[in-house]
Amino acid sequence: MMNGRANESKHHKKKKRKRRDEAEQEKPKETPPTVSIAISGSIIDNAQSLDLATLLAGQIARAATIFRIDEVVVFDNKATSSDVSVETRLNDDDENERGAPFLVRILRYLETPQYLRKHLFPIHKNLKCVGLLPPLDAPHHLRKHEWSSFREGVTLERSPSNTTGTLVDVGLSKSVAVEQVLEPGIRVTVAMGTNRSLGTDCMREVVSSMSPREEGLYWGYKVRYASNISSVFKNCPFKGGYDHIIGTSEHGLKIKSSELIIPAYRHLLIAFGGLGGLEESIEEDGEMKVHTGLMFLNRTR
């Protein structure tokens with residue numbers, strides 16, 4: 001009798017544990033908090049040569065990687081919004097680009113894993129000096145012999161043999177096959193799993209670029225162009241926008257970093273002005289009518 005009750009109790013506990021595990025799996029994963037920085041493209045105009053401008057962009061990319069920045073917004077000082085224009089200019093072979101378009105190009109290039117750059121970046125005059133910069137060595141910049149649960153890749157024109165799907169170059173000795181049918185030349189994040197077989201019989205899956213972050217991995221920064229400072233806020237990619245904003249200025253509140261208390265946030269934005277400071281960017285922005293919610297700090301150690 002006792003054995004029967006014990007077995008029944010044990011069975012009940014197993015079912016309860018199973019239901020709890022299933023509920024945990026079904027529960028959507030919380031999106032981790034993000035940190036964004038906004039930088040004026042005009043800082044590049046102060047560099048006196050291409051190599052110095054490239055070095056400055058490289059320092060920004062390295063700082064963004066070290067401090068695990070999720071998004072870098074490069075803003076212009078245009079009076080009206082025209083955020084799509086820079087994408088068109090980046091696709092064109094504009095040999096005379098300066099300021100924000102130049103900074104966007106270099107930041108995106110450096111964030112991209114080395115094995116993908118030849119697929120995604122055509123030869124351009126402004127990439128001439130990037131070889132002088134040290135590698136970022138970001139977590140998603142994996143070497144050929146390294147295995148990871150995720151890898152960045154680019155879709156290829158060739159299709160897997162004997163099956164549907166798409167071949168993706170993920171920087172390994174062989175391309176991997178993914179289940180989805182995709183256009184060639186697209187950068188994707190691939191869930192690699194634990195099976196290290198590179199045969200086309202082992203299908204992988206393209207996942208959201210946020211998936212590594214949800215697993216606790218830092219997976220590089222996104223680069224966004226904004227035609228003016230108001231577009232930094234207006235076109236925020238995060239639901240609900242930035243819930244805490246800090247602006248830096250030589251005319252702002254003087255505070256040491258050890259004394260700065262930042263409240264709990266979902267999406268933090270730290271804004272850095274150009275040669276004339278954030279104040280100049282706000283004054284030149286015809287759409288920036290209200291400045292409330294922006295805390296100005298004087299950058300001190």
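Is Thr-194 buried or exposed? Thr-194 counts as exposed, because its relative accessibility is 78% (exposed means over 50% relative accessible area, buried under 20%, partly exposed in between, with a 1.4 Å probe and protein chains only).

This is a predicted model, where local features need pLDDT of at least 70, side-chain atom pairs count only at pLDDT 80 or more, and totals for chains, interfaces and linings use all residues. Residues are numbered from 1 along each chain as its sequence is written, and side-chain values use heavy atoms, leaving out hydrogens and water.

**Around Thr-194**
- Thr-194 sits in the loop between strand E6 (187–191) and strand E7 (205–207). Helices (H or I, at least four residues) and strands (E, at least two) are DSSP runs, numbered from the N terminus.
- Ser-149 is 45 residues from Thr-194 in sequence, and 7.0 Å from Thr-194 in space, C-alpha to C-alpha.

**Aromatic pairs**
- The whole structure holds three aromatic pairs. Rings of Phe, Tyr and Trp (its six-membered ring) pair if their centres lie within 6.5 Å; planes under 30 degrees apart count as stacked, over 60 as edge-to-face and the rest as tilted.
- One of them joins Tyr-109 and Phe-121 edge-to-face, at 5.2 Å centre to centre and 75 degrees between the planes.
- This pair links distant parts of the chain, twelve residues apart. Tyr-109 lies in helix H4 (residues 99–111), and Phe-121 in the loop between helix H5 (114–120) and strand E3 (150–155).
- Both Tyr-109 and Phe-121 are buried.
- Phe-238 and Tyr-242 also pair edge-to-face, with 6.2 Å between centres and 70 degrees between the planes.
- Phe-238 counts as buried because its relative accessibility is 19%. Tyr-242 is buried too, with a relative accessible area of 10%.
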